[in-house]
Amino acid sequence: MMIGKPPEDVIDRESEVGRILKAMTDKKANANFALIGHRRIGKSTILHKVKRELEKGNHAAGCCIPVYVDLGEYRYSPVELAEVLTEKLTRAYAKGLPKASQLLSKITSSLGQLAEIRRLRARFLAKLDSTGQPAIEIDPYIKDRDSKYDRALDNFFEYANRISEASKRRVVIMIDEFQHVTEYVKYDGLENILDFLRAVLERRKNVSFIVSGSRIHYLRNILGEGGSPLFGHFAIIEVKPLAKEYAVDLFLKSNPRATAQDCEDAYALVDGHPFYLVMLAEAQTEGESVKETYRRILTSTTGALYLYVNYIVTEDLPNYKSTNYRRVLESLASGEKTISELAKDADIRLTHLPRLLTKLIEYDLVYKEGGRYFIADRVVRDYFKMRSQP
C-alpha cells in the first residue's frame, strides 16, 4: 500500500545530499552510509536526489554507477532481488560504454531477452567473459525449486566488484527499506544474514552502499552497536523533521491559498514532517481551518492520515487485532505514563506489559524516557486520542 509518493524536490536536505555526494565522488574515500528516520520523513527523496546527481555525470566526470532498489518489494524473494540488482547494474554500466563496443552489444542482446527470461522463471547469472570483461549469461532453472539463496546474492555482489574494476568507476548500491533484510533469515544460506552482509562489505572493491530504513530502534542496534556484525561499516545519518522555515515553504507550495495562520497551525499540529504537511495542505478545502482539516483526514475512514496510521500500525504489528496493543496505545494517547500507571489505566496485567511495550518500542511506535512511556509520533498519538473520544 502506497499513500502518496516521495517528492522529487529536496527541501532542507542539502546537507545530507551534499555529504553523501562528496564521499561518493571522492576517489580516496570508500564510505557507506545509512539513512535512518521515521517513515516518510524524506529518506527516499534523499536517495533519489543523490542517484539523479550521480547519473548526470557532472560529478568527477561521471565517476559513479548508481543503482537503486526498494527492498520492501523483494522482502520475501532474495533471488529476485539479486536478479533485479544484476539487471539494473548491467543497464547502468551499459549506458557508459561506447556505442560501438562489442561488450555493449553482448549486454544489449542479453537484456533483450528479459521478458522471455521472466516467463521461463530463469535468472541472469553474472560472470566474466573470456576477455575478463563482465558479461551476463542465462542460468536456466526453476526459481521455486532453487535453495541457493546465498549464492544468488553473493554472485551479484561479486559482479558489482567486477563492474567497478572493469569500468574504473565506483558502483553505488542504494537499498531502501533496509530493515526488511531481517525477512531473509528464513532462507537457506541466509540464516545469519548480518554475518553474510559483513562478509560482503569486507571484500568489496570500489563499491559503496547507501541504505535507508524507518525501523530506527532496530537499525541503530544493528548498525551502531558494538556487538553487531555490521558495526563500524556505515556512517549513520539521522534524517530529522524539516526546520520551521522549510516546513512553511513546503506547506505553501502544496497549498498556495494558505494563510500565515494556516502555516503556523500546520506546523503546530505535525511539526516538520514533510509527508504530513503535504497531506494536510492538499486536503484543506476553502473555508476550512487547518485544524478542521486535520481532524477530518485523521478520523474519516477515507482520510489520508487515517489510512496511513492504520497502515503503519497493522504493518508493524501483525497481531495488532490483539486488544492489548490498542489499549496500550489508547492509554498513552491521553498522556505519558509509568508502567504501573499504564497497567491500571489500560486494565492490563502488569506482568503482560513488558512484552507488549518491548514490541511497541522495537517498531518505534512507543519510546521510553525517564521511566515513562510515550507515543513516538504525534499523528499516531492524535489518531488514538480521537478514537477514544465520543
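Trainee: Hi! Which residues of α10 meet which residues of α12?

Mentor: Asp-262, Asp-265, Ala-266, Leu-269 and Val-270 in α10 meet Val-290, Lys-291 and Tyr-294 in α12. Contact here means heavy atoms within 4.5 Å. This is a predicted model, where local features need pLDDT of at least 70 and side-chain atom pairs count only at pLDDT 80 or more, while totals for chains, interfaces and linings use all residues. Residues are numbered from 1 along each chain as its sequence is written, and side-chain values use heavy atoms, with hydrogens and water left out.

Trainee: Thanks. And what angle do the axes of α10 and α12 cross at?

Mentor: Roughly 40°, and the axes come within 9 Å. Axes are lines fitted to C-alpha atoms, for helices over the stretch in contact, and angles run from 0 to 180 degrees between N-to-C directions. The two helices are therefore oblique to each other; angles under 35 degrees count as roughly parallel, over 145 as roughly antiparallel, 65 to 115 as roughly perpendicular and the rest as oblique. Helices (H or I, at least four residues) and strands (E, at least two) are DSSP runs, numbered from the N terminus.

Trainee: Which residues are buried in α17?

Mentor: In α17, residues 378–387, the buried ones are Val-379, Val-380, Asp-382, Tyr-383, Phe-384 and Met-386. Buried means under 20% relative accessible area, exposed over 50%, and partly exposed in between (1.4 Å probe, protein chains only).

Trainee: What covers them?

Mentor: The cover includes α10, α11, α12, α13, α14 and β9.

Trainee: What caps the N-terminal end of α17?

Mentor: Asp-377 does, with a side-chain oxygen 2.8 Å from the backbone nitrogen of Val-379.

Trainee: Switching topic: in what order do the strands of the open sheet run?

Mentor: The order is β2-β5-β6-β1-β7, five strands with parallel pairing. Two strands pair if DSSP finds at least two bridges between them. At the edges are β2 (64–70) and β7 (235–238), each pairing on one side only. On average, neighbouring strands are turned by 15° against each other, direction ignored.

Trainee: How many bridges join β5 and β6?

Mentor: Five, in the parallel sense, between residues 170–176 and 207–213. Met-174 stands opposite Ile-210 in β6. Helix α3 (residues 78–95) packs on the sheet, where α3 touches β2 and β5, and its direction makes about 150° with that of β2.

Trainee: How many salt bridges are in the whole structure?

Mentor: The search finds 19. A salt bridge is a side-chain nitrogen of Lys or Arg within 4 Å of a carboxyl oxygen of Asp or Glu. In α3, Arg-91 and Glu-87 lie four residues apart, about one turn of the helix, and their side chains meet at 3.0 Å, N to O.

Trainee: Is Glu-87 buried or exposed?

Mentor: Glu-87 counts as buried at 13% relative accessibility, whereas Arg-91 is partly exposed at 36%.

Trainee: Which parts of the chain does the Arg-215 and Glu-362 pair link?

Mentor: Distant ones: Arg-215 is in the loop between β6 and α8, and Glu-362 is in helix α16, 147 residues apart. Their side chains meet at 3.5 Å, N to O. Arg-215 is buried at 11%, and Glu-362 is partly exposed at 25%.

Trainee: What does Arg-372 form a salt bridge with?

Mentor: Arg-372 pairs with Glu-341, the closest N and O atoms being 3.1 Å apart. That pair joins β9 to α15, 31 residues apart.

Trainee: Last one: which residues are linked in a network of salt bridges?

Mentor: Lys-49, Glu-53 and Lys-56 are linked that way.

Technical notes:
Polar contact = N/O pair within 3.5 Å; in protein donor to acceptor, adjacent residues only side chain to side chain.
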